[in-house]
Structure formats: C-alpha cells, structure tokens
Amino acid sequence: METLPAFVEYLSHERRMAAKTVEAYRSDLAEFFNFLRHHMGEEPTPKLLGELKARDIRAHIAQRRRDGLSDASVARLLSSIKALYRWLNRAFDIENAEVAYLQGPKRPKRLPRPVSAEAAKDMIDEAADDPDVAPWINARDAAVLSLLYGAGLRISEALSLTGADVPAPERLRITGKGGKVRIVPLIPAVRDAINFYAEQCPYALTRTQPLFRGAKGGALNPRLIQGLVQRLRGLLGLPDTATPHALRHAFATHLLAAGADLRAIQTLLGHASLSTTQVYTGVDASRLREVHAAAHPRA
C-alpha cells in the first residue's frame with residue numbers, strides 16, 4: 001500500500017480518530033506529497049521521507065503561506081507532518097531527526113471569554129420563564145444553566161447526573177475528562193434549582209437513569225442546551241462568545257475576582273494542570289485594567 005493511504009488507514013482503524021480529523025490530516029498530507037513529487041522528482045516513499053531535510057519541508061510550508069495559509073493552518077499542517085513521521089518511525093523504523101527542529105508559528109494565547117455575573121443571572125432567569133414551553137422544561141433549563149455557572153460544570157458533566165443526585169446534595173461527585181473524579185460543592189441556589197426541576201419533571205427519575213430529560217423522556221441532548229443559550233443571546237443582546245462554556249469560565253473568573261485561591265479553582269474545575277487554570281488570572285487582570293481605564297482620573 002502507498003504511504004499516505006497506509007497512514008490514513010492507521011489513523012482511522014488503529015488510532016480510531018474522528019472522521020473529520022482524519023480528513024484534515026489526509027488533506028494536509030496530500031498537498032505535502034504533491035509538493036514532494038515536484039520538488040524531489042519522485043514518489044514520496046518511506047525511504048525518501050526519511051532522507052528529507054528540514055529545508056525541504058520548510059519550502060512546502062513557505063509555498064502554502066504564499067497561497068494564503070493562516071498561522072493556525074500552518075500549525076495544523078506541521079502537526080500532520082510530525083504525526084506522519086511518528087508513524088514512519090513506528091511502522092518502518094524510519095527516523096528523521098531534522099523534523100524535530102521544525103517549529104510552527106507562535107500563536108497568541110486566547111483568553112477565555114466569560115459572561116458577566118449580571119448576564120449569567122439574566123440567562124438563568126430567562127430560561128426559567130419561557131412562556132412557550134412547559135414549566136418543567138423551564139425548570140430543567142434553569143437547573144442545567146445553574147450547574148454551569150454555579151458549579152462550573154461542563155455540559156457533559158451536568159448531563160451525566162442521574163436520579164441518584166436528587167435531592168441535590170451539598171457536594172457532587174463528578175467524573176470529568178480523563179476519568180478524573182472531583183468533589184464539587186453546590187450552593188443553595190443550585191440545589192434549589194435541581195430540586196425544583198425534579199419536582200416538576202413528569203418522568204420517573206430513577207437512580208440509574210439520566211436526571212435531565214428531553215421532552216419525550218430520553219436523555220437530554222446537549223445540543224438543546226447550546227440552542228437554548230443561542231436563543232438567550234439574541235433575547236438579551238449578548239455577544240456570540242456567550243456560550244454554555246462561557247458560564248463555566250464565568251464561574252472561575254468570578255471566584256477569582258472574589259479572592260478565591262487559584263489551586264482551589266483548579267480543583268473545582270477539574271483541571272489536571274495549574275497552568276490551565278492560570279489563564280483566568282489573565283482574564284481577571286484584563287477586567288481590572290478595563291475598570292481602571294474607565295474610572296481612574298489619570299487613565
């Protein structure tokens with residue numbers, strides 16, 4: 001089998017990557033292989049790839065930049081090439097030390113975009129008072145948003161709760177990314193929202209079944225919450241950055257602004273590394289600078 005199809009098969013069947021991810025790799029590397037056919041004058045076999053110089057790969061990247069490739073796309077291209085070489089090493093024992101020296105463009109660190117405390121409260125209040133849906137669905141939506149903002153949960157974590165979590169406890173045991181377990185305290189407002197929903201829900205909330213249900217009784221689809229937040233954005237005049245995850249960001253930044261310890265916030269969010277949580281210090285510093293610029297007489 002030719003090199004590229006063999007690599008794509010490896011990504012699909014051994015790595016079990018998502019179809020869109022596999023296609024992104026395939027597309028990037030197809031361009032790379034076409035370049036090498038013209039640049040090197042021969043088919044890019046594993047042996048040829050092992051003998052490539054860093055300057056040959058840089059020549060391809062330079063050509064793609066001239067075609068208008070963005071920094072983000074260049075970084076993805078380089079990631080695809082490095083993944084290919086890791087596979088070549090594994091499948092054919094081919095190493096190319098020069099590939100390790102290739103570095104992508106430095107991308108500016110994007111700060112999270114939380115919503116304000118007022119906006120978060122308005123979103124929850126509006127979700128609880130929609131005259132166009134059944135009262136129990138209003139209660140459900142308000143409870144889910146309360147968990148995102150009041151407990152810092154991801155959508156998947158909020159929707160993983162079962163009937164065993166009612167009445168709402170003072171502390172939730174949450175299994176997050178990578179199977180990492182954490183204990184999350186629930187403030188009274190969040191517990192009240194969950195309990196009120198449980199009272200209103202027309203379906204039996206057994207210990208092993210999902211707590212949050214769709215209109216027909218099945219597990220609530222996260223897309224419905226995403227659609228809800230999109231509708232609330234339009235209703236309240238909020239920016240596109242007001243997403244369900246922005247409520248989780250707001251949970252962290254508002255705790256930090258109130259003086260919470262960064263390590264404690266790391267634990268509450270379930271971050272494996274403190275460096276992930278530290279981005280919120282940048283958010284808070286940005287907010288403080290805005291306040292200073294608006295209020296200080298010499299700003």
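1. R16 sits in the loop between α1 (3-14) and α2 (19-40); helices here are DSSP runs of H or I with at least four residues, strands are E runs of at least two, and both are numbered from the N terminus. Its phi is near 55°, a positive value in a residue other than glycine. R16 counts as exposed, because its relative accessibility is 68% (exposed is over 50% relative accessible area, buried under 20%, partly exposed in between, with a 1.4 Å probe and protein chains only).

2. A word on what you're looking at: this is a predicted model, where local features need pLDDT of at least 70 and side-chain atom pairs count only at pLDDT 80 or more, while totals for chains, interfaces and linings use all residues. Residues are numbered from 1 along each chain as its sequence is written, and side-chain values use heavy atoms, with hydrogens and water left out.

3. D93 has a positive phi too, about 55°, although it is not a glycine. Look for D93 in the loop between α5 (71-92) and α6. With 63% relative accessibility, D93 counts as exposed.

4. Now the charge pairs. Side chains of opposite charge can pair when their charged atoms come close. The rule for a salt bridge is a side-chain nitrogen of Lys or Arg within 4 Å of a carboxyl oxygen of Asp or Glu, and the count comes to eleven. One of them links R26 and E23, with the closest N and O atoms 2.9 Å apart. Both lie in helix α2, three residues apart, which is about one turn of the helix. R26 is partly exposed at 33% relative accessibility, and E23 is partly exposed with a relative accessible area of 39%.

5. Another salt bridge joins the side chains of D71 and R65, at 3.0 Å from N to O. D71 counts as partly exposed at 35% relative accessibility, and R65 is partly exposed with a relative accessible area of 36%.

6. Helix α6 (residues 117-127) has a pair of its own: D125 and K121 meet in a salt bridge of 2.9 Å, N to O. They are four residues apart in α6, about one turn of the helix. K121 counts as exposed at 52% relative accessibility, whereas D125 is partly exposed at 38%. Elsewhere, salt bridges that share partners tie R154, E157 and R182 into one network.

7. There's also a negative surface patch, made by E118, D122, E126 and D129. Patch members have over 30% relative accessible area and no salt bridge; like charges are joined within 9 Å, and nonpolar side chains (Val, Leu, Ile, Met, Phe, Trp, Tyr) within 5 Å. E126 is partly exposed, with a relative accessible area of 31%.

8. Helix α7 (residues 135-150) has 16 residues and reaches 21 Å from first C-alpha to last, close to the 22 Å expected at 1.5 Å a residue (that is, 1.5 Å times one less than the number of residues). Of its 16 residues, 14 are buried, so α7 is mostly covered. G152 follows α7 and has a positive phi, near 70°.

9. Finally, check the peptide bond from V166 to P167: it is cis, with omega near -5°. P167 is in the loop between α8 (155-158) and β1 (171-175).

How values were computed
Areas by Shrake-Rupley, 256 points an atom, 1.4 Å probe, with all protein chains shown as cover. Lys, Arg positive; Asp, Glu negative; His and termini not counted. Charge placed at Lys NZ, Arg CZ, Asp CG, Glu CD.
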